[in-house]
Amino acid sequence: MSNENQKVIMLGNEAIARGAYEAGVKVSAAYPGTPSTEISENLVKYKEDIYAEWSPNEKVAAEVAIGASISGVRAMACMKHVGLNVASDPLYTVSYMGVNGGLVLVVADDPGLYSSQNEQDTRMVARAAQVPVLEPSDSMEAKEFMKEAFEISEQFDRPVILRTTTRLAHSQGIVSLCERKRVEDKTYVKDVKKTVMMPGNAKARHIVIEKKNLELAEAANTFSMNRVEMNDTKIGVITSGIPYQYVKEAIPNASVLKLGLVNPLPKKLIQEFAEKVETLYIVEELDPVIEEQVKSWGIHAVGKEIFTVQGEYSANMIRRAILGATLEMKEPAKAPGRPPILCPGCPHRSVYYVLNKLKMHAAGDIGCYTLGAVAPLSVVDTTICMGASISSLHGMEKAKGKEYVKNWVAVIGDSTFLHTGVNSLMNMMYNKATGTVMILDNSTTGMTGHQDHAATGKTLLGEPTYAIDIAALCRAMGVKNVVEVNAFNIAELEKVIREEAAKDEVSVIITKSPCVLLDKSKKPLYIAHTDRCKKCGMCMKPGCPAMTRNEDGTVHIDDTMCTGCGLCATLCKFDAIELVKAGER
Ligand SMILES: Cc1ncc(C[n+]2csc(CCOP(=O)(O)OP(=O)(O)O)c2C)c(N)n1
């Protein structure tokens, strides 16, 4: 693919994929997670040169990349910030081991919580694991920093994190393309002192990596990615990543030290910069990672005294905090508040309709089905992290006894079950649980935009593959009661939930119906006959967004939203909802 010097507009995530290609990466593994997912989806473009896969979770993905690095090639793993928690076990230890082929983890943070369960700052985790972190400010840097990350990784024998945020991952910018670097595979030489982290070896490696980090911190003082932009010296700002863009817009005449490498910090460069400016500000979204270190060196700076640790920053917010004035520009128009809701035709809706009817509680998990917490369904009581539904239900049973959980189920999606739910179910079987687990199998990773997983029969590269049989997997763990039900067969679903929840043994109910957005074929359409409608409201109970009431209380179905799932028609006792068109819509 020779398009050297060509300039193109790229999404941050697209540019990271391009950077991986240009850096000579050979292996990439990932588990989807907003805002990191499109990196892997874009890597598919380079499948002639890069092997890329969806792994079942981030720990596995990181270990795949580590293995590839040990074998001598450049490798990467991609995940969202909470994914790094799942991958933190290998992360902390590969930090001691170092690399053979360059190793980069791309981790996407989500200040502002656009699609996450917390706002944790990856730089904090990286500091704890003593792993270098690069933070680009735009698409061009995202591409170039990927290449830098691999150079640093190999030169300093460190795994490296490239940290992005939602704003960067999902914004577009101009990128000039370069050729793919020809990187010779490194030879694998057996060296157990470096790759077998038992205590004696790890002790020695700890000393080595402390030294390497000091060397890197020293070198960082002259790295071109740590750049001083001297201007008016009244105000000096240390910043990095996306906040750099806001600072330049908010106070264009300020002097700026823009950090590309945010861990370890270039102490000398920071000291020199601090001496040259009257007031030093540190502008970083989320935690005071740079600020606390700079202050610990006795440098006076203003940071979280005036800036929040929550959410995204903006140029206006920075200008207001530093100058007490706002920019002569309009704040972006606020989108109308739209509460999150399951799509019309979503198979999760009928499951929650039945659970609501049975007055059951659900220990929930993470996925589209988390929306079962929202009225009018209001079934999901808890959402913690991926896989936690099954294990927290187990904890409730052990705390309160088996009768207590007969009114509860654990609810988990197919992708989440394969991510970390399997271990939790194993625990239920091992520790003599009796609870009921519902796997809402919609044949995809819906929440993050339809990625394949180990049970869909297709790889990231689009090749057909073995599809894990989820029911057989549960049976293999010893679950005797495994029942598969069509998610839209609400009579059957109700019967099965009643029966299984009453049992004194673990049951797994797998509701099967593909995500409504997967099926692009024309669907039949339902209409409501107002003359037959008795205004009883039964069809409205599942809270389908396609259903509204007319002024007289009869029901109307919006034909632009109806997907023809038929749930409303099943619930209508008066034949007021009728299938009008089949096949073509
Ligand atoms: C550790 C971690 N990794 C990734 C994510 C992003 N994520 C949220 S839900 C989800 C999976 C959803 O798929 P599935 O369980 O099949 O449910 P669906 O959305 O299809 O109903 C993913 C990947 C996350 N929240 N946490």
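Ala, Val, Leu, Ile, Met, Phe, Trp, Tyr, Cys and Pro count as nonpolar, Asp, Glu, Lys and Arg as charged, and the others, Gly among them, as polar. I note this here for the cavity linings below. I also note that the model is predicted.

**Entry: second largest cavity.** I looked up its volume and found about 90 Å³ of space. I then listed the residues that line this cavity: A528, C533, K534, K535, C536, G537, C539, V555, C572, F574, A576 and I577. Sorted by class, this lining has 9 nonpolar, 1 polar and 2 charged residues. K534 and K535 are in the list, and Lys counts as charged.

**Entry: largest cavity.** I read off a volume of about 130 Å³ for the largest cavity. I found 18 residues lining this cavity, and those closest to its centre are G345, C544, M547, C565 and C568.

**Entry: cavity count.** How many cavities of 30 Å³ or more are there? I counted 4.

**Entry: a strand pair.** I turned to strand 18, residues 481-486, and strand 19, residues 507-512. Do they run parallel or antiparallel? They run parallel, and 6 bridges join them. I checked N486 and found that this residue stands opposite K512 in strand 19. Next I followed the chain from strand 18 to strand 19 and passed through helix 19, residues 490-502. I recorded this β-α-β crossover as right-handed.

Methods. Residues are numbered from 1 along each chain as its sequence is written. This is a predicted model: local features need pLDDT of at least 70, side-chain atom pairs count only at pLDDT 80 or more; totals for chains, interfaces and linings use all residues. Side-chain values use heavy atoms; hydrogens and water are left out. Two strands pair if DSSP finds at least two bridges between them. Helices (H or I, at least four residues) and strands (E, at least two) are DSSP runs, numbered from the N terminus. A crossover is right-handed if, with the strands pointing away from the viewer, the path from the first strand over the helix to the second runs clockwise. On a 1 Å grid over the protein atoms alone, a cavity is a set of points where a 1.4 Å probe fits but cannot get out, and a pocket is an open set with protein on both sides within 12 Å along at least five of seven lines; lining residues have an atom within 4 Å of a point. Grid points are joined across faces, edges and corners, and a volume is the space filled by probe spheres set on the points.
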